[in-house]
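Q: Hi, I'm new to this one. Could you walk me through it?

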Amino acid sequence: MTASPRSESARRIAESGIIAILRVDLPVQEIIEMGDALMASPVAVAEVPLNTPAALEVITALRERYGSHMLMGAGTVRTPAQVRPALDAGAQFLVAPNFDMGVAMLAKEADILYIPGVFTPTEVQVAVNAGCRMVKLFPNTLGPAYLRALRAPMDDVDFVPTGGVDVGNIAAFAKAGAAAVGVAGALFPQPWSMPEIILRARALRKEWNAGKNLQSD
């Protein structure tokens, strides 16, 4: 049986473990070059927040360049009015800092993965009741210990901690049971270079894998 687009996106995100967040104010061509560095690393899941310049144009350009080789999401999708433009641009999943029932309903109708932002157990359950089994832990200020505490009673939910994840703590998040993590600043230095992005991405991947191995021990 063929997997639905929503479940396939969730699978690919969990398989990657890292969502690269392209929150950068740069010309589209430079962002494409950043995408080339991600693919070389490889980090094949990326998110472009809608509150960054030319976000929809960037999503379209990256989809055209990488096709099925990169899973492309739209971030900061806070309202229902933002859903259709994001999907028309080519977004394959939606991420938000908040939960919005209207967005959840539209995503379900389109069979698109919606990863809403949650912080408290109550917010997690509201999202789960709306059909969201993968959620963004945001703001991610309490670290891996808080993720572990949330997962103790909610181990059927896939958490994606976002914000403040770097090479020094990504293994701890993996060990605490994160399904994936969202990474921005730790991946993209300013000024940036392709070799530096590749170096950082591979270091993050190495630590993520090490943490996952510790989780399974």
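Here is a short chat about a sheet and a pair of helices.

A: Happy to! One thing to know at the start: this is a predicted model.

Q: Good to know. In what order do the three strands of the open sheet come?

A: The order is β6-β7-β8, and the pairing is parallel.

Q: And which strands stand at the edges?

A: Those are β6 (117-118) and β8 (158-161). Each has a single partner strand, so one side of each is left without a neighbour in the sheet.

Q: How many bridges join β7 and β8?

A: Four bridges, in the parallel sense, with β7 covering residues 134-137. As one example to look for, M134 stands opposite D158 in β8.

Q: Nice. Which helix lies across β7 and β8?

A: That's α7, residues 143-151. Helix α7 runs at about 165° to β8.

Q: Switching topic: at what angle do α2 and α3 pack?

A: About 45°, with their axes 10 Å apart. Helix α2 spans residues 28-40 and α3 spans residues 55-66. The two helices are therefore oblique to each other.

Q: Is the crossing left-handed or right-handed?

A: α2 passes α3 in a right-handed crossing.

Q: Which residues make the contact?

A: From α2, you'll find V28, I31, I32, G35, D36 and M39. From α3, the partners are E57, V58, A61, L62, R65 and Y66.

Q: What does that contact look like by class?

A: The contact of α2 with α3 has eight nonpolar residues, one polar and three charged.

Methods. Residues are numbered from 1 along each chain as its sequence is written. This is a predicted model: local features need pLDDT of at least 70, side-chain atom pairs count only at pLDDT 80 or more; totals for chains, interfaces and linings use all residues. Side-chain values use heavy atoms; hydrogens and water are left out. Two strands pair if DSSP finds at least two bridges between them. Contact means heavy atoms within 4.5 Å. Axes are lines fitted to C-alpha atoms, for helices over the stretch in contact, and angles run from 0 to 180 degrees between N-to-C directions. Angles under 35 degrees count as roughly parallel, over 145 as roughly antiparallel, 65 to 115 as roughly perpendicular and the rest as oblique. A crossing is left-handed if the near helix is turned anticlockwise from the far one by less than a right angle, and right-handed if clockwise. Ala, Val, Leu, Ile, Met, Phe, Trp, Tyr, Cys and Pro count as nonpolar, Asp, Glu, Lys and Arg as charged, and the others, Gly among them, as polar.
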